[in-house]
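Okay, everyone, let's take a look at today's structure. I'll start with an annotation and then go through the pockets.

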Amino acid sequence: MSGSTNRVAANLNMLFTNLPLIQRYGAAASAGFKLVEVSVPYSEPAKKLREAADEFNLKHTLINAPPGNWNDGFRGLASLKSQKDEFRNSLDTAIEYAKTLGCNRVHVMAGIPKTDDDVANASKTYYENVHFAAQKLKEHDLICLIEPINTYTIPGYYLNNYDDAMGLIYSDKSKNLKLQYDTFHAQQIDGQIGATLRKLKEHIGYIQVAQVPKRGACDTRGEIDYNFIFEEIKSIDSSWIIGAEYLDEKASKESFNWVENMSLSF
């Protein structure tokens, strides 16, 4: 495929999950991928993940900052006043991993405010923390990403619409805050994916995709016509990387025929 089409990265936290994380690198390479994203890489030492990527000539495109204890219900820390110190310390870990992995994008998750104090202070805390993160990541040549997440998938998630996300981006003095635009969430937040991509194109730093509502592959039955969406994406910005962030436990090479069938590349 030519360089003028969007490239797809395999999400190693959602694909090939019948294998341990380290073995998913080989599975992704066997399926044809040259790019991988690891939403939560912290279960393994960064050096070990980098060695696995290098062994299979894979490049990391994206990681999340540590989201807190997932099993305890945390889905990020940035909007939680009670976790302010933990959030800021977690950025050091994210930077260390990003540097080791050779990855230049870090997604900072907002989280779910639950206590009365966290709910009351969520707006101020999130504003301060995201701007702090954008500046700190800039000092290490890393791009800070924020992503609206729909409230069907994660009820109570603080950043759940594009107006709030863009307000933060416009007010960011570091000019280092970008939108992670996930079509799976976008469809369930307000639809109008093609129009929104065009409207926000200057501020989008990364794309993720999955079918709605079951979070399957792009060629499965659902609400989104990905043949159309990928034509739109390609015509707007063919340099955007597209993260395949959908559920496929035992994905095989044939599982990803949609990539070339829809005129994308690995």
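So, UniProt, in an unreviewed entry, puts a "domain: Xylose isomerase-like TIM barrel" at residues 27-261. UniProt positions follow the numbering used here, feature names are shortened, and annotations may be inferred rather than shown by experiment. This is a predicted model, where local features need pLDDT of at least 70, side-chain atom pairs count only at pLDDT 80 or more, and totals for chains, interfaces and linings use all residues. Residues are numbered from 1 along each chain as its sequence is written, and side-chain values use heavy atoms, leaving out hydrogens and water.

Over residues 27-261 we get 40% helix and 14% strand, with the end C-alpha atoms 20 Å apart. Helices (H or I, at least four residues) and strands (E, at least two) are DSSP runs, numbered from the N terminus.

Now, pockets. A pocket is an open set of points on a 1 Å grid over the protein atoms alone, where a 1.4 Å probe fits, with protein on both sides within 12 Å along at least five of seven lines; lining residues have an atom within 4 Å of a point.

The largest pocket holds about 310 Å³, the space filled by probe spheres set on the points, which are joined across faces, edges and corners. It has 20 lining residues, and Met14, Trp70, Met109, Arg215 and Glu245 are the closest to its centre.

The second largest pocket holds about 170 Å³. Which helix gives the most to its lining? That's α5, with 4 residues. Both α5 (162-170) and α7 (193-200) supply at least two. Among the lining residues are Tyr162, Asp190 and Lys199.
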